[in-house]
Amino acid sequence: MSIELLTPAEMATADALTIAAGTAGIVLMERAGQGVSNAVLREAGADAEIRILCGPGNNGGDGFVAARLLRRQGRPVRVAVLGDPSQLRSDARSAFEAMGGGWEALSLDFVRSAPAGRVLFVDALFGAGLDRPLEGLARACIEALNEAGAPVVAVDLPSGLNGADGRMLGAAVRARHTVTFCRRKPGHLLQPGRCLCGTTEVVDIGIADATVASLEPTCFANAPGLWRASWHPPAPEGHKYDRGHAVVVSGPLATTGAARLAASAALRAGAGLVTVACDPSALIVHAAHLTAVMVRPVRGVDGLGEMLADRRLNAVLFGPGAGVGEGARSVVKRLLDAERAVVLDADALTSFGDAREHFLALSRAARGPLVLTPHDGEFQRLFPAFAGLDRLSAARAAARECGAVVVLKGADTVIADPQGRAAINDNASPWLATAGTGDVLAGIVTGLLAQGLPAFEAAAMAVWMHGEAGRVAGAGLISEDLLPALKLVVAGLAGEEDR
Ligand SMILES: NC(=O)C1=CN([C@@H]2O[C@H](COP(=O)(O)OP(=O)(O)OC[C@H]3O[C@@H](n4cnc5c(N)ncnc54)[C@H](O)[C@@H]3O)[C@@H](O)[C@H]2O)[C@@H](O)CC1
Ligand SMILES: Nc1ncnc2c1ncn2[C@@H]1O[C@H](COP(=O)(O)OP(=O)(O)O)[C@@H](O)[C@H]1O
Ligand SMILES: [K+]
């Protein structure tokens, strides 16, 4: 599937450019309706009745085309129209007329009278043109549809879902399958949108790749096509110093596990060397646990500064298990002044909850690439002004404000850079919601930065690898299980059989 995601507004522009270049709108609609009809024939049982709910715009038009094609196949199809069909415009009107009758006015009964297990619904009420919260009959029908629990194939978007941000406008259809056109939209990947869509299929309706490219999309599905070219497996003549030396700054004696998880993940992600920097009091604990990862005692922020005099140490992670307070703030200050790639996670972010302006001043002046990896709670503490926004807009606004790459973690992790580029991740398993997996993710980002990837690519690749590792580790995983799983993920990216 293509990785570009188009907002409803961008999609409308792509449609308009295609029409202006000589493809009639009704031709696009015919292809869209054909895609819907094909999906319905796959999803509906041989004896199922098909009931299509058609709205007042072009989404409804796709429904009329599908109705005509399905009837031509001999399938029993009922069509219900929301509003007065004499008000239909342009292509939707043509599609309605071509259907040749056989429709009724939409009513609650159209939904509620469906015998259980015998009807497949097609939701062609609203798609990209939804511009206000649902109410009245449309909303009541959508709620009845969800209550009935019958299978639904949604056209373009489940009605009620905002394609730009994945949020519901009042209520939304819960579909089994969604057929969209040309490219997916952010709302197909962001939650709750992704769950409302069921499986999502993209049908080619003849909008050229060059037309999509001319829109210069800035939002992408997070997949290897976005960053794979930035990453290189070890060169045959290379050595470990070519792959960077990552540093993970440990918390105090009682909270060292997070740093070890992160450090092991950085090594698994391919950093040439990884060192845990810790207070001398924590040395023995780390030394007793770590093997391939090195340990180095450093005393306070000055000790860390001395360690970083070695320019080969090129990427640093701080935050997991670090402890909250002034000590953490002074470490952050030192790191951002050190001309290194830096990842700040967990306590490193929380420590600035009451000192946000201070954090912004530091992050904007950072002398090397900077990646922040907050979960929702950490994000709200650091960027309360953006907490009410949808996750895509929130991550973008935070990245712009602090001049860093922001990884807003969750079921639909968003990666955003200060220039407005964003990626939405959809390969993560809910089993990743367990203690310590965030530390592993921060370690992977650091390991990729050590290998020289640019910050956005490192962050996006890390989130994807983390998701894949979760899939490999499978149900019941704990954070340690991600470490051996990463070996298989790296081997897969390198295109090599695991041995
Ligand atoms: N040429 C094109 O533009 C193509 C469009 N396609 C289809 O067209 C759809 C977009 O068509 P439209 O832009 O006409 O938009 P929609 O059909 O999604 O909805 C727009 C209509 O719904 C009304 N509306 C919006 N929100 C409402 C609400 N909450 N309650 C009640 N009424 C509401 C609007 O006033 C307008 O009449 C796509 O989703 C896709 O299914 C496809 O046919 C492919 C080609
Ligand atoms: N429902 C979910 N589906 C997929 N991934 C999830 C889900 N919930 C959380 N995650 C992922 O799990 C990780 C948890 O990180 P975090 O909250 O920092 O945990 P910790 O601090 O315990 O390490 C993040 O990468 C997040 O994206
Ligand atoms: K729809």
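Predicted model: local features only at pLDDT ≥ 70, side-chain atom pairs only at ≥ 80, totals over all residues.
Glu216 sits in the loop between helix 9 and strand 9. Its backbone has a positive phi of about 50°, although Glu216 is not a glycine. That's worth a flag, since most residues other than glycine have a negative phi.

The loop between helix 9 (209-214) and strand 9 (219-221) also holds Thr218. Is Thr218 buried, exposed or partly exposed? Thr218 is partly exposed, because 17 other C-beta atoms lie within 10 Å. Leaving out residues up to four places away in sequence, Thr218 touches Gly420, Arg421 and Ala422. Thr218 and Asp62 are 156 residues apart along the chain, and their C-alpha atoms are separated by 28 Å.

Asp156 is another non-glycine residue with a positive phi, here about 70°. Asp156 lies in the loop between strand 6 (152-155) and strand 7 (177-181). Asp156 is buried, because 28 other C-beta atoms lie within 10 Å.

Pro192 is found in the loop between helix 7 (186-189) and helix 8 (193-197). As background, most peptide bonds are trans.

What sense of pairing joins strand 16 and strand 17? Strand 16 and strand 17 pair in the antiparallel sense, over three bridges. Across this pair, Val407 stands opposite Ile415 in strand 17.

Strand 14 is largely enclosed by the rest of the structure, because five of its five residues are buried. Which way do the residues point? Ala341, Val343 and Asp345 go one way from strand 14, while Val342 and Leu344 go the other way, and all are buried.

On one hand, strand 13 and strand 14 pair in the parallel sense over four bridges, and Phe318 stands opposite Leu344 in strand 14. On the other, strand 14 and strand 15 pair in the parallel sense over four bridges, with Leu344 opposite Leu372 in strand 15. Strand 13, helix 14 and strand 14 together make a right-handed β-α-β unit.

## The listed binding site

In an unreviewed entry, UniProt lists Lys409, Gly410, Ala411, Asp412, Thr413 and Gly438 under "binding site". These residues are spread over 30 residues of sequence but cluster in space, with a largest C-alpha distance of 13.9 Å.

Gly410 is in the loop between strand 16 (405-408) and strand 17 (414-416). Gly410 is partly exposed, because 16 other C-beta atoms lie within 10 Å. Gly438, by contrast, is in helix 19 (residues 437-450) and counts as buried because 26 C-beta neighbours lie inside 10 Å. Not counting residues up to four places away in sequence, Gly410 touches His375, Asp376 and Arg391. With the same exclusion, Gly438 touches Asp345, Ala346, Thr373, His375 and Lys409. His375 turns up in both contact lists, and Asp345 is one of the residues of strand 14.

## Around ligand 1

Which residues come nearest to ligand 1? Of the 27 residues around ligand 1, they are Gly57, Asn58, Asn59, Gly127 and Gly129. Helix 2 (25-43) and helix 3 (58-72) are the elements that give two or more residues to this shell. Helix 3 gives the most, with five residues.

Definitions and conventions:
Residues numbered from 1 in each chain as written. Chains lettered and ligands numbered in written order. UniProt positions renumbered as here; feature names shortened; annotations may be inferred. Buried ≥ 20, exposed ≤ 12 C-beta atoms within 10 Å, placed from the backbone. Contact = placed C-beta atoms within 7 Å. Pairing = 2+ DSSP bridges. Right-handed = clockwise from strand over helix to strand, strands pointing away. Near = placed C-beta within 6 Å.
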